[in-house]
Amino acid sequence: MTLKKSTSWVFTALVVSLCAGCSSKEDRDKYDHYYGSGSKAREEAALVTLQSERKNQPERTPASAPAPASSPSDSTKPGDTTAAATATPVDAAPKRKAVPADVSALLNKHACFACHQAYDKVIGPAYSEVAKKKYTADEIVELVHNPKPEHWPGYPPMAPLAHVPKADIVIIANWINSL
């Protein structure tokens, strides 16, 4: 008699644990895609893409190299302003701002630099790319605490960083939006 009662209790406990512990196949597949074996494949593909992009970039010439100077008597007539209007600026590359010390300290403290850099793509997008999305500081706080991988296709999903204080994220977010 005791065996029959305990068998039914064990069977019920097993069924309940299976129902509570298992989600749908679709949910398991999504989880595996973002955090399981699928994430490793995406990370490797992102690194290969990054390495190939770095190899394909032309070498940058120093911006301090002087431009060839032309004297006004070479090709211009007195009163001719067309030559000055058609000159192109020598330093056409976008300017890169240095990371302020307080922001850099927070980015190091919370290990943000492990996946993100100010202007270069690493594992996650560069902060300058995040700035182009024009998120508000509150939206950035929410995305740090609860990332949305669908906002950044082609990148591995960011882990939720709920332990990072909102005040720290707001300082970082304001700097990102200044880029």
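1. Basis. The model is predicted: local features need pLDDT of at least 70 and side-chain atom pairs count only at pLDDT 80 or more, while totals for chains, interfaces and linings use all residues. Residues are numbered from 1 along each chain as its sequence is written, and side-chain values use heavy atoms, without hydrogens and water.

2. Helix geometry. Helix 8 (residues 137–145) and helix 9 (residues 166–178) have axes that come within 9 Å and cross at roughly 120 degrees. Helices here are DSSP runs of H or I with at least four residues, numbered from the N terminus; axes are lines fitted to C-alpha atoms over the stretch in contact, with angles from 0 to 180 degrees between N-to-C directions.

3. Helix contact. The contact residues divide into eight nonpolar, three polar and two charged.

4. Cysteines. The disulfide count is zero, where a disulfide is a pair of cysteine sulfur atoms within 2.5 Å. For Cys112, the closest cysteine sulfur is that of Cys115, at 8.8 Å, too far for a bond.

5. Cys112 is buried at 16% relative accessible area, whereas Cys115 is partly exposed at 31%. Buried means under 20%, exposed over 50%, and partly exposed in between, with a 1.4 Å probe and protein chains only.

Terms used: Helix = DSSP H or I, 4+ residues; strand = E, 2+ residues; numbered from the N terminus. Nonpolar A, V, L, I, M, F, W, Y, C, P; charged D, E, K, R; others polar.
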